[in-house]
Amino acid sequence: GTARPPERPVDLAVMGLPCGGRLDDGLVLRSFLKGADGVLVAACHDGNCRTGEGSPESLRRVGRIQSIMADVGFDPRRLERITLAPNQGSALTGRIETFAARIQDLGPVRKGDA
């Protein structure tokens with residue numbers, strides 16, 4: 001279905017990638033350094049990936065970045081990967097709201113945390 005607006009205001013910046021498998025560690029880490037309190041990565045469902053490799057690769061990359069985050073004492077729950085199909089706009093809105101609530105519970109990133 002069509003994405004509905006979130007029920008609560010969400011400060012959201014969208015960055016498009018040609019494929020979730022092209023997710024770059026530096027892009028995610030720079031997002032935090034530039035002030036993001038959380039990063040939500042949306043990729044295709046594993047069985048719905050045109051290349052067959054992009055979705056599993058995005059899972060591997062997010063796991064690696066979360067490991068780096070944990071190693072430096074930065075809460076890895078601030079980064080999440082979800083999978084969606086193009087016709088799941090309503091599901092996307094729900095996942096954004098859930099993620100935004102978690103980030104709100106974690107609070108803003110304090111200078112020096114990232």
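This is a predicted model: local features need pLDDT of at least 70, side-chain atom pairs count only at pLDDT 80 or more; totals for chains, interfaces and linings use all residues.
Start with the inside. The largest nonpolar core has ten residues: Leu 23, Val 28, Phe 32, Val 39, Val 41, Val 62, Ile 65, Met 69, Phe 74 and Leu 79. H2 has the largest share, with three residues. In soluble globular proteins, nonpolar side chains tend to be buried together.

Apart from neighbours within four places in sequence, Leu 23 is in contact with Leu 17, Val 28, Val 41, Arg 61, Val 62 and Ile 65.

The structure has one aromatic pair. Phe 32 and Phe 74 form this pair in an edge-to-face arrangement, with 5.0 Å from centre to centre and 70° between the planes. The two residues are 42 residues apart, and the pair links distant parts of the chain: Phe 32 is in helix H1, while Phe 74 is in the loop between H2 and strand S2 (79-84). Both Phe 32 and Phe 74 are buried.

Now compare a residue of another kind. Glu 53 is found in the loop between S1 and H2. Is Glu 53 buried or exposed? Glu 53 counts as exposed because its relative accessibility is 57%, and the cut-off for exposed is over 50%. Along the chain, Glu 53 and Gly 20 are 33 residues apart, and their C-alpha atoms are separated by 9.4 Å.

The next element is helix H3, residues 89-106. With 18 residues at 1.5 Å a residue, H3 should span 26 Å, and its end C-alpha atoms are 26 Å apart, so the two values agree. Which residues of H3 are buried? They are Gly 89, Thr 93, Ile 96, Glu 97, Phe 99, Ala 100 and Ile 103. These buried residues pack against S1 and S2. Just after H3 comes Gly 107, which has a positive phi of about 85°.

The charged side chains come last. Side chains of opposite charge can pair when their charged atoms come close. The structure holds six salt bridges. One of them joins Glu 80 and Arg 102, at 2.6 Å from N to O. Because Glu 80 lies in strand S2 and Arg 102 in helix H3, this pair ties together parts that are 22 residues apart in sequence. Glu 80 counts as buried at 16% relative accessibility, whereas Arg 102 is partly exposed at 26%.

Another salt bridge is formed by the side chains of Glu 57 and Arg 60, at 2.4 Å from N to O. Both residues lie in helix H2, three residues apart, which is about one turn of the helix. An α-helix has 3.6 residues a turn, so residues three or four places apart point the same way. Arg 60 is partly exposed, with a relative accessible area of 45%.

A further salt bridge brings together the side chains of Arg 77 and Asp 75, at 2.6 Å from N to O. Arg 77 counts as partly exposed at 46% relative accessibility, and Asp 75 is partly exposed at 23%.

Notes
Residues are numbered from 1 along each chain as its sequence is written. Side-chain values use heavy atoms; hydrogens and water are left out. A nonpolar core is a set of buried Ala, Val, Leu, Ile, Met, Phe, Trp, Tyr and Cys residues joined through side-chain atoms within 4.5 Å. Buried means under 20% relative accessible area, exposed over 50%, partly exposed in between (1.4 Å probe, protein chains only). Helices (H or I, at least four residues) and strands (E, at least two) are DSSP runs, numbered from the N terminus. Contact means heavy atoms within 4.5 Å. Rings of Phe, Tyr and Trp (its six-membered ring) pair if their centres lie within 6.5 Å; planes under 30 degrees apart count as stacked, over 60 as edge-to-face and the rest as tilted. The expected span of a helix is 1.5 Å times one less than its number of residues. A salt bridge is a side-chain nitrogen of Lys or Arg within 4 Å of a carboxyl oxygen of Asp or Glu.
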